[in-house]
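Work through the exercises below with the sequence and the model at hand. Try each task before reading its solution.

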Amino acid sequence: MSLPYASSTAGQAREKEIRDTLRSVGASAVGFMVDDDADQIVAQFRLHGREITIPINVGAYEAAWLRENPRGPRSRTSEKDHKAKARVQAERAAWAILADWIKATAAMMAAGFVDADTAFLPHVRTPSGVRVIEALNEGGGARLLPPPT
């Protein structure tokens with residue numbers, strides 16, 4: 001199987017689409033940040049009084065792209081150029097994946113399949129400022145779930 005989104009081209013241009021989609025389900029205070037230190041794109045918004053933060057790890061996609069597209073011994077590009085190409089594609093893919101995930105989630109909410117809390121629960125900020133998924137992982141909440149198989 002080829003890596004999904006490996007041919008995405010729009011990149012950050014999908015930001016407006018994400019913002020519009022979130023606003024269509026009642027989100028406000030929609031913003032984005034590129035966190036180079038954490039190697040992430042972060043979407044933040046407020047929905048029904050809840051602060052939601054969704055981090056997208058650009059470096060993870062970059063590593064997957066490099067595994068899928070190794071630089072061969074006959075390559076005409078340098079290692080540096082090959083990695084730069086991977087980075088550009090990873091950033092494009094990250095925006096596309098975020099846009100499509102938000103769009104699908106909004107469609108599920110609009111259709112009544114899930115409510116906002118169910119859709120975004122892992123990403124909701126707790127009163128202490130951490131996301132629910134982080135609180136579960138750090139606070140022993142992982143014991144609530146059976147171990148992965």
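The model is predicted, so local features need pLDDT of at least 70 and side-chain atom pairs count only at pLDDT 80 or more, while totals for chains, interfaces and linings use all residues. Residues are numbered from 1 along each chain as its sequence is written, and side-chain values use heavy atoms, with hydrogens and water left out.

**Exercise 1.** Determine whether Glu-15 is buried or exposed, and list its contacts beyond four places in sequence.

Step 1. Glu-15 belongs to helix H1, residues 15–24 (helices are DSSP runs of H or I, at least four residues, and strands runs of E, at least two, numbered from the N terminus).
Step 2. Its relative accessible area is 18%. Buried means under 20%, exposed over 50%, and partly exposed in between, with a 1.4 Å probe and protein chains only; Glu-15 is therefore buried.
Step 3. With neighbours within four places set aside, Glu-15 contacts Phe-32 and Trp-95 (heavy atoms within 4.5 Å).

**Exercise 2.** Find how the buried residues of H1 are arranged about its axis.

Step 1. The buried residues in H1 are Glu-15, Ile-18, Arg-19, Thr-21 and Leu-22.
Step 2. Viewed down the axis, they fall within an arc of 165 degrees, so they line one face of H1 (the arc is that of the directions from the helix axis to the C-beta atoms).
Step 3. Lys-16 and Ser-24, on the other side of H1, are exposed.
Step 4. The buried residues pack against strands S1 (28–35) and S2 (40–47), H3 and helix H4 (116–120).
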